[in-house]
Amino acid sequence: MNAYWLRRLLYAIPILIGVNLLTFWLFFMVNSPEDMARMHLGNKRVTAMAIAQWEVTHGYDKPLFYNAGRKGLTAWTDTLFYTRSIRMFALDFGQSDDGRDIGREIRARAGPSLMIALPSFLIGLWTNIALALMMVWFRAGWPDRLGVALAAMLMSVSSLFYIMAGQFLVARLWRLAPVSGFVPGIDGWRFVLLPVLIAVLSGIGNGSRWYRSIFLEEAGKDYVRTARAKGLSESRILFRHVLRNGLIPVVTSTVAVLPLLFMGSLLTESFFGIPGLGSYVVDAIAAQDFSVVRAMVFIGTVLYLIGLWLTDLAYGWVDPRVRLS
Amino acid sequence: MMGIHPVILWTDALVWLLVAGFAFALARRDSGLRKGVARLTRAPVAVASGMVLVAYLGVTLLDSLHFHPAAGDSGVVSVFDLLLRPLQRVSEKTYSAPLADRLFVQEQVLRPDGHQQRVYPLLAIVAQQAHGHAQPAAAVWYGVLQGLGLAGASAASVLIWFRRRRAARAALPPLAWRTALVMWTVGCVLFAVTVQLAASWHVFGTDKVGQDVLYQSLKSIRTDFLFGLLTTLATLPLAVGLGVAAGYFGGWIDDIIQYVYTTLNAIPGILLIAAAVLLMQGYIEVHAAHFDSLALRADFRLLFLCAILGVTSWTGLCRLLRAETLKLRELEYVQAARSFGVSDWRIMWRHILPNLTHLVLISVVMDFSSLVLVEAVLSYLGLGVDPSVPSWGNMINAAQLELAREPVVWWPLTAAFSLMFVLVLSANLFADSVREAFDPLGSRS
């Protein structure tokens, strides 16, 4: 059993290497450091001097793979590939274009991201499951049909609309919550309220619809009919049988998302001015800061792979029938 | 009037080819497509949402016939622009609310007696009407009557036409007639009311530079529709080619393809898109000389964006097709074909691919709606289509500041979101129907 988990974990390594090579190829070979310098300095009338100067200050003035000017091992380590790509595996991301340490920035920003993302995720999950159960309870009746129609409409609304309308109505018109901002710790609950509410609301359409189809499929199975034939009450069937078994696919699929919660949400964070990783990415994109984007690609990949691994774990844990060899 | 000088943009060519290809597939009598379509036209929801989608598609196609208005003029105009000319004719100084008579902001004017006064000036569109103008309510009623008349007349003429031709009637798929008729009437009435109102007012108001918002939001249809359509199209070669190859050949080919899509899948999609778009922006800036006109540049950017999204989002369909091919490969008829010595390519083309088309079709329709939503988000992040191109994302982006104004300017945002909502909702409903019609066994959950 343990050997299996270990093998699954090792399976992540070639993928990580692949992602690393891909981003290196994209950022340093498709788009050379010279192009990068041109973009930052403005395209027109840039002297070769200025470009060279920019490359030196940002540490791009090295050969790609092999530094012929150095001896021994440093010929390989004093290259862009080593400093920019290999070092990432040691979680050393270097500096962003404005001179800050990316690793420290990421550590500082993961907390605020989590403070929004975790409550949104938990409350959203609970709400969606509750709504889905309600629709299944009234299946083929009017509450079900109304629920399905509403879910289809909710999922057709742009997430930008939820955020902009929510911010406008709740914060500006009714003044129930601050428009934006963030305070770390318990005192920050006022700032967390609205983003979480909006995140939950915007996820209802897709989530409840999906869980409804899972529970409905479960409710059509033979063991449910047997339970009903034995004379079990409808509520007992729904909560003890349908819910419990229906949760298996729900749990295994949501576990994959858990690590990615650290990444936060791009839109919510940038609209509400939350200093998390989501707004970090948005700012980096706006400033065309390639090192930050590369670092976030790496982190995101690692988190995704952890999620994949957790999914495997969860399969064995939730469903005892799953035997792994 | 000089001759017309047509311009074929890349996206124009692609969308017309796509529609032609689909029409060709539909025209073949033995295709499974026809059966599925016949099942679709029986379902009221599918008919209603499908008609809305066809209306959007129609606008997209009309807006994809471009030409230079005059020889030597580098500007590019579409046929749809010609139809919308009345909307463009009058532009105001700045913001004006929907159906307003006066400008939204005050202006200093000099009164005849020499005093300065702040007033809300009359809109140009109102001032140009010679003999006063009616109330909006009257125009709406007139429009409703006109629309009903239009719907009735067109329905009657279609009915008479079919009465005459029995053969045409027989070739028609079964149709949810009542829904079609209701939707057609609603469409006609909406169209007529809009035309009536647009003659004397700005139906959705005007934006910061005084442009008609209705015009902008209608022009945005092409961008967003093409974005959804061409992106799903861009995923197909990779998803189908690699998915079928992985499932059919197995072995090391399967291993490599699985590795590639797991790796691509591991990168958070939005970051990969961001990386690629940043690179593209760099490319366009460095090679600015290659794009001799603004329209060409914007078109290239739209096309490239679709390609990027296609390359980053083919993995889901690929995995699905691989699994299905694995199943199909073991079926008797494929085994038989193989034992007869039919080549691998021919087996994949003749025996495997036709049995995957329903999955591909469902996936295309299902992805379309989410892609339209993605366009807006990408524009917000500064990764979307060219800012000079009208798109709902760009409108929403601009409207962000308008929401912070006091009093608030809400109409550009509302217009963009409403048109987007209608498209996405009907695409979602249509996707559900397509899934039911083409995949009765539910092999895709």
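In this predicted model, B:Tyr56 and B:Trp392 are both buried. The two residues form an aromatic pair of the edge-to-face kind, with 6.4 Å from centre to centre and 75 degrees between the planes.

Over all chains, the structure holds eleven aromatic pairs. One of them joins A:Phe161 and B:Phe417, whose ring centres are 4.8 Å apart and whose planes stand at 80 degrees, so that the pair is edge-to-face, the angle being over 60 degrees. Here the contact crosses between chains, running from helix 8 (residues 159–173) of chain A, where A:Phe161 is found, to helix 19 (residues 411–438) of chain B, which holds B:Phe417. The two residues of this pair have the following relative accessibilities.

| Residue | Relative accessibility | Class |
|---|---|---|
| A:Phe161 | 35% | partly exposed |
| B:Phe417 | 7% | buried |

B:Phe417 counts as buried because its 7% relative accessibility is under 20%, whereas A:Phe161, at 35%, counts as partly exposed.

Two further arrangements involve aromatic residues. In chain B, one aromatic cluster is formed by B:Tyr95, B:Phe104, B:Trp410 and B:Trp411. In chain A, A:Arg190 lies over the face of the ring of A:Phe191, at 5.3 Å from the ring centre.

Technical notes. Residues numbered from 1 in each chain as written. Chains lettered and ligands numbered in written order. Predicted model: local features only at pLDDT ≥ 70, side-chain atom pairs only at ≥ 80, totals over all residues. Heavy atoms only, no water. Phe/Tyr/Trp six-rings, centres within 6.5 Å; stacked < 30°, edge-to-face > 60°. Helix = DSSP H or I, 4+ residues; strand = E, 2+ residues; numbered from the N terminus. Buried < 20%, exposed > 50% of the residue type's maximum accessible area, 1.4 Å probe, protein only. Lys NZ or Arg CZ within 6 Å of the ring centre and 35° of its normal.
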